[in-house]
Amino acid sequence: MPELLTMQELDTALVGLPAVHKSGTSLLRVRVRAPGFPQAVDLVSRVATSAQEMNHHPDIDVRFDKVTFTLSTHSSGGVTALDVELAQRIMLHADAVGARVLPPAARVELAIDTLDADAIRPFWRAGLGYVERRGDEGIELHNPDEVGPVVWFQPMVQPRPDRNRIHFDVYVAFDEAPQRVADVVDAGGRLVTDEFAPDWWVLADADGNELCVCTQ
C-alpha cells in the first residue's frame, strides 16, 4: 500500500505544480478549461491512458469545456506519491491540448464542535454513509464519491451551550474572499469577527447561525 504523504512532503512535491490544489492531505484537484468540448474529451482520453498505465485512476468531471480531476489513493486514505505523479502527467496533457488552468472551485465543509470526536464520529459516518479520511484537523468524513460537504470535528475544551455547535465553512480563492464576505453582509449577515483574516472570517445570519469564509 502506498504511503501517505505528510503535509510537508506534499508541499515540497507540489512546489513546481502551482495549478494543483490540495485539500489537506486527503486529495488533490486540477481544474482546467479546454478550448472546446472536443479538446476536453481529448484531454480525458489522454489522462485515461496515463492512469491505466499507472493503474491509478482519478475521478473526472466534465462540464462542456471545463474538466476537474480529483486525485486520492483510496486504499491509503489520502494523497500519496502516485497522486503527485498523475497530477504531473495531467498538467502535461493539459498543455498539449491547449487547456488553461482554472482557480480552485469553492469548497464547502461542515464543522461540528465536540468534546469527543471519537464518540460522535460513528453516528455521522453511519447516518451520512460517509467514509473516514485523514485531514488537517484529524479524521474527517467524506462522501465516497467526493460530492457533498466534508464533515470535520472541531475540538472544544469545555461545553459551549450558548452557541450553535454546527457551522459551515466555505473555502474560496484568496482574492475572492473579501468580496464574498461583503456579499454575505449585504445579504443580511453580520461580521462576527475578522480577527483571523485573511485566513478566515466568521459571519452569522439573523438567527445567529455561523458561516466561516475561508481562503484556500
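Reply: First, a cut-off: exposed means over 50% relative accessible area, and buried means under 20%. Also keep in mind that this is a predicted model.

Me: Okay. Is asparagine 55 buried or exposed?
Reply: Asparagine 55 counts as exposed because its relative accessibility is 61%.

Me: Where is asparagine 55 placed?
Reply: Asparagine 55 is in the loop between helix H2 (37-54) and strand E3 (59-63). Its phi is positive, about 55°, although asparagine 55 is not a glycine.

Me: What about phenylalanine 64, what is its phi?
Reply: Positive, about 60°, and phenylalanine 64 is not a glycine either. Phenylalanine 64 lies in the loop between E3 and strand E4 (66-71). It is exposed, with a relative accessible area of 57%.

Me: Switching to charges. How many salt bridges are there?
Reply: The count comes to nine. One of them joins the side chains of aspartate 11 and lysine 22, at 3.1 Å from N to O. That pair links distant parts of the chain: aspartate 11 is in helix H1 (residues 7-13), lysine 22 is in strand E1 (residues 21-23), and they are eleven residues apart.

Me: How accessible is aspartate 11, and how accessible is lysine 22?
Reply: Aspartate 11 is partly exposed at 34%. Lysine 22 is partly exposed at 36%.

Me: Which residue does arginine 63 meet in a salt bridge?
Reply: Aspartate 61, at 3.0 Å from N to O. Arginine 63 is exposed, with a relative accessible area of 55%. Aspartate 61 is partly exposed, at 32%.

Me: Which residues are linked in a network of salt bridges?
Reply: Glu53, Glu85 and Arg89.

Me: Now aspartate 83. Which helix is it in?
Reply: Aspartate 83 is in helix H3 (residues 81-97). It is buried and has no salt bridge. The nearest side chain of opposite charge is arginine 133, 9.7 Å away.

Me: What does the side chain of aspartate 83 reach, then?
Reply: It reaches the backbone nitrogen of serine 72 at 3.2 Å. There is also a 2.7 Å polar contact between the side chains of aspartate 83 and threonine 73. Leaving out residues up to four places away in sequence, aspartate 83 touches several others, including Leu28, His56 and Leu71.

Me: Helix H4 next. How many residues does it have?
Reply: Twelve, residues 117-128. H4 reaches 16 Å from its first C-alpha to its last, close to the 16 Å expected. Just after H4, glycine 129 takes a positive phi of about 70°.

Me: Which residue meets aspartate 118 in a salt bridge?
Reply: Arginine 121, at 3.1 Å from N to O. Aspartate 118 counts as exposed at 54%, whereas arginine 121 is buried at 9%.

Me: What does UniProt place at residues 110-214?
Reply: An unreviewed UniProt entry gives "domain: Glyoxalase-like" there. The end C-alpha atoms of that span lie 13 Å apart, and the span is 21% helix and 40% strand.

Me: Last one. Which peptide bond is cis?
Reply: The bond from alanine 197 to proline 198 is cis, with omega near 10°. Proline 198 lies in the loop between E11 and strand E12 (200-204).

How values were computed
Residues numbered from 1 in each chain as written. Predicted model: local features only at pLDDT ≥ 70, side-chain atom pairs only at ≥ 80, totals over all residues. Heavy atoms only, no water. Helix = DSSP H or I, 4+ residues; strand = E, 2+ residues; numbered from the N terminus. Buried < 20%, exposed > 50% of the residue type's maximum accessible area, 1.4 Å probe, protein only. Lys, Arg positive; Asp, Glu negative; His and termini not counted. Salt bridge = Lys/Arg side-chain N within 4 Å of Asp/Glu carboxyl O. Polar contact = N/O pair within 3.5 Å; in protein donor to acceptor, adjacent residues only side chain to side chain. Contact = heavy atoms within 4.5 Å. UniProt positions renumbered as here; feature names shortened; annotations may be inferred. Expected span 1.5 Å × (residues − 1).
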